[in-house]
Amino acid sequence: MSRLERSRLARLGRFDAIVLTSALWFLGKFVRFSFPPLFERISDVYAISTAGLGTAFSGLLMVYAVLQFPSGLLADRLGSVTVLGGGAALAALGALALAVDTPLAVLIGAMLVIGAGTGTLKTVGVRLLSRTYPDQTGRALGVFDTFGAFGGVAAPAVVVVFAGLPGVVGAGWRTTFLLAGVVGLGVTAAFVTRVPARIPEEAGGADGDGGVPIREYAAMFRSWRFSTFVAVTILFSFAYNAVIAFLPLYLTRAAGLASDTANLLFGALFAVSLVQLLTGEASDRTGSLPMIVVTLGLATLGLGSIVLLTGVAGPPALGAAIVCLGLGSHGYRPVRGAYLMSAIPASVAGGSLGAVRTLLMIAGASSPALVGVISETAGFRPAFLLLTAALAVAAGLSALLWAFE
């Protein structure tokens with residue numbers, strides 16, 4: 001091998017961390033977002049109500065939520081690679097448990113295992129990438145979140161394909177989880193083999209101060225600006241998680257669209273996730289808060305338009321509103337991560353980010369169950385109006401932070 005070829009390989013090797021970490025996040029989001037397009041089928045197979053489906057999905061999200069702080073805390077002590085690799089392997093095993101026809105109890109148990117495994121991926125992944133690429137955090141997190149969002153793009157399409165084919169070891173739709181589990185284990189093996197060499201500070205194991213007291217993680221919340229931004233993230237998570245859980249059902253039951261059309265429009269929500277590369281880059285150049293205000297404003301406009309257009313417009317108009325919602329929602333995510341990592345001291349980055357994500361994900365985990373109940377008592381439109389209001393308040397609080405910056 002020539003010197004030039006070795007030099008090129010060395011330059012490409014710098015991207016091992018971002019590619020493999022992002023691939024794990026893609027698979028984590030893929031397996032989670034495979035459930036909403038399958039709610040109609042799962043409801044028929046197991047004779048479970050909408051409220052029951054919402055509660056089961058909330059259980060997955062709740063386990064995901066409560067793992068945020070412990071995973072960040074462990075990453076501060078044991079190292080990011082150890083914690084992230086273990087979580088990814090657990091999620092892959094949970095997916096494999098769904099590859100065969102099983103009773104409802106096994107389905108719910110596997111959903112909880114997937115929630116636990118994927119609960120390590122975002123907090124620890126953000127920590128790992130912000131340390132690996134300290135001068136390009138916004139760009140790195142933009143790539144990371146874009147990979148994750150494309151997990152949502154791929155999931156509905158893959159579900160549709162496999163649902164119409166004979167199954168490998170179970171019903172056709174279960175092949176989705178077989179694929180996710182097998183590929184997940186392979187990517188996890190590559191991650192734990194390749195990435196440690198790209199993170200010098202983790203070469204010996206833990207990269208943080210294992211003696212950081214718990215009270216230092218709570219100290220951040222004494223700042224009104226930090227606590228206000230935490231409120232913004234909680235409101236966004238509350239709205240967004242309910243939207244991704246029930247948008248396919250909303251489009252079929254409230255908007256009257258065919259199931260395949262609804263799933264395609266649901267995929268469009270994630271197809272625009274490339275905007276994260278632009279907003280992440282822009283936040284590195286112009287600052288995070290202006291981009292946060294713009295993106296949350298777009299998300300509010302998009303979701304509000306979906307509600308207003310229901311019953312009076314067809315798929316093209318609803319699709320445009322979903323694209324607007326997707327641009328705002330996905331554009332917000334890497335900027336949120338960059339803002340938080342710039343505000344949190346490096347010594348407590350994993351645990352503090354984990355604490356914030358625990359709060360926001362608990363709020364997000366509760367919303368599908370709440371929307372499921374409201375949809376059965378008052379209808380889907382009032383439920384989605386509530387979610388629109390939550391986004392509007394988040395945008396307003398972000399504007400307040402920007403005004404007093």
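User: Which residues in H3 meet Ile244, Ala245, Pro248, Leu249, Thr252 and Arg253 in H12?
Analyst: This is a predicted model. Helix H3 covers residues 35-46 and helix H12 covers residues 224-254. The residues of H3 that meet the listed H12 residues are Pro36, Phe39 and Glu40.

User: Which residues of H6 make the contact with H10?
Analyst: The crossing of H6 and H10 is left-handed. On the H10 side the contact includes Phe177, Leu178, Gly181, Leu185 and Phe191. On the H6 side the residues are Val81, Leu84, Gly85, Ala88, Ala89, Ala92, Ala95 and Leu96.

User: How far apart are the axes of H6 and H8?
Analyst: Helix H8 covers residues 121-132 and packs against H6 at an angle of about 150°. That makes H6 roughly antiparallel to H8, and the crossing is left-handed. The distance between the two axes is 10 Å.

User: Which residues in H8 meet Ser80, Val81, Val83, Leu84 and Ala88 in H6?
Analyst: Val81, Leu84 and Ala88 of H6 are also among the residues in contact with H10. In H8, the residues that meet the H6 set are Leu121, Val124, Gly125, Arg127 and Leu128.

User: Which residue meets arginine 194 in a salt bridge?
Analyst: The structure holds two salt bridges. In one of them, the side chain of arginine 194 has its partner at 2.7 Å, N to O. Arginine 194 lies in helix H10 and the partner in helix H2, residues 16-33, so the pair ties together parts that are 178 residues apart in sequence. The partner is aspartate 16.

User: Where is valine 169, and which residues is valine 169 in contact with, leaving aside its neighbours within four places in sequence?
Analyst: Valine 169 is in the loop between helix H9 (137-163) and helix H10 (175-194). Valine 169 and valine 100 are 69 residues apart in sequence but 5.5 Å apart in space, C-alpha to C-alpha. Leaving aside neighbours within four places, the contacts of valine 169 are Ala99 and Val100.

User: Which helix gives the largest share of the nonpolar patch?
Analyst: Val294, Leu298, Leu301 and Leu327 make a nonpolar surface patch of about 300 Å². Leucine 301 is found in helix H15. The largest share, three residues, comes from residues 288-309, helix H15.

Conventions
Residues numbered from 1 in each chain as written. Predicted model: local features only at pLDDT ≥ 70, side-chain atom pairs only at ≥ 80, totals over all residues. Heavy atoms only, no water. Patch = residues over 30% accessible without salt bridge, like charges linked within 9 Å, V, L, I, M, F, W, Y side chains within 5 Å. Areas by Shrake-Rupley, 256 points an atom, 1.4 Å probe, with all protein chains shown as cover. Salt bridge = Lys/Arg side-chain N within 4 Å of Asp/Glu carboxyl O. Helix = DSSP H or I, 4+ residues; strand = E, 2+ residues; numbered from the N terminus. Axes fitted to C-alpha atoms, helices over the stretch in contact; angles between N-to-C directions. Contact = heavy atoms within 4.5 Å. Left-handed = near helix turned anticlockwise from the far one by under 90°. Parallel < 35°, antiparallel > 145°, perpendicular 65-115°, else oblique.
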